[in-house]
Amino acid sequence: MKFRAYEPADAAACLALFDANTPPYFDPSERPLFAGFVEKPEGRYFVLEHDGKLAGCGGYRPFENGLAVFTWGMVSPDYHGAGLGRKLTEHRLDVIAAERRYAGVRVHTSPMIAPFFNHMGFVTLRTRKDGFAPGMDKVYMEKAV
């Protein structure tokens, strides 16, 4: 398993990860947003290579009130339950902590993924009905670093 900085040549593989996770983890209406993001990522964005292929991606950017916010994290369904999501989350948290400029991290996620982030120490702040798309609520969560 290896983390490295995202490169523009990774865009197609990251879009394939998005497609493989849609649905249930992303709504199809979000694809243009993600496609625009991988054209010009904000903040720092990483890819996770495992078994010789791109198996995950995710990053973060500055947010508000001294926080960072996670951006577009996902892992190939081939590796769901294998701990790669945890490793991707830990990597981002470690890099954020090493920068020593953020008091904490915000994540916006779905109710399906919120228990994962709770297990990683994030606290739920609120939920917005249909926040991502009709039928897909948005859960706002934070963790101190």
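## A buried threonine

A residue is called buried when its relative accessible area is under 20%, exposed when that area is over 50%, and partly exposed in between, using a 1.4 Å probe and protein chains only. By this definition Thr89 is buried, because its relative accessible area is 2%. The structure is a predicted model, in which local features need pLDDT of at least 70 and side-chain atom pairs count only at pLDDT 80 or more, while totals for chains, interfaces and linings use all residues. Residues are numbered from 1 along each chain as its sequence is written, and side-chain values use heavy atoms, with hydrogens and water left out.

Thr89 lies in helix 3 (residues 84-99); here helices (H or I, at least four residues) and strands (E, at least two) are DSSP runs, numbered from the N terminus. Contact means heavy atoms within 4.5 Å, and, leaving aside neighbours within four places in sequence, Thr89 is in contact with Phe70, Phe116, Phe117 and Met120.

## The buried side of helix 1

Helix 1 has buried residues of its own, namely Ala11, Cys14, Leu15, Leu17 and Phe18. They lie on the same side of helix 1, because they cover an arc of only 155 degrees around the axis, the arc being that of the directions from the helix axis to the C-beta atoms. An α-helix has 3.6 residues a turn, so residues three or four places apart point the same way. The cover over the buried residues of helix 1 includes helix 2, strand 2, strand 3 and strand 4 (67-75).

## How helix 1 meets helix 2

The axes of helix 1 and helix 2 come within 10 Å and cross at roughly 155 degrees, which makes helix 1 roughly antiparallel to helix 2. Axes are lines fitted to C-alpha atoms, for helices over the stretch in contact, and the angles run from 0 to 180 degrees between N-to-C directions. Angles under 35 degrees count as roughly parallel, over 145 as roughly antiparallel, 65 to 115 as roughly perpendicular, and the rest as oblique.

On the side of helix 1 the contact is made by Ala11, Cys14, Leu15, Phe18 and Asp19, and on the side of helix 2 by Arg31, Phe34, Ala35 and Val38.

## Salt bridges

Side chains of opposite charge can pair when their charged atoms come close. A salt bridge is a side-chain nitrogen of Lys or Arg within 4 Å of a carboxyl oxygen of Asp or Glu, and a search of the whole structure finds ten of them. One of these joins Asp19 to Arg31, with the closest N and O atoms 2.7 Å apart. This pair links distant parts of the chain, since Asp19 is in helix 1 (residues 11-20) and Arg31 in helix 2 (residues 31-39), twelve residues apart. Asp19 is partly exposed at 36% relative accessibility, and Arg31 is also partly exposed, at 30%.

Another salt bridge pairs Glu49 with Arg4, the closest N and O atoms again being 2.7 Å apart. Here Glu49 in strand 2 (residues 44-50) and Arg4 in strand 1 (residues 2-5) are 45 residues apart. Glu49 counts as partly exposed at 24% relative accessibility, whereas Arg4, at 19%, counts as buried. Both belong to a network of salt bridges that links Lys2, Arg4, Asp10 and Glu49.
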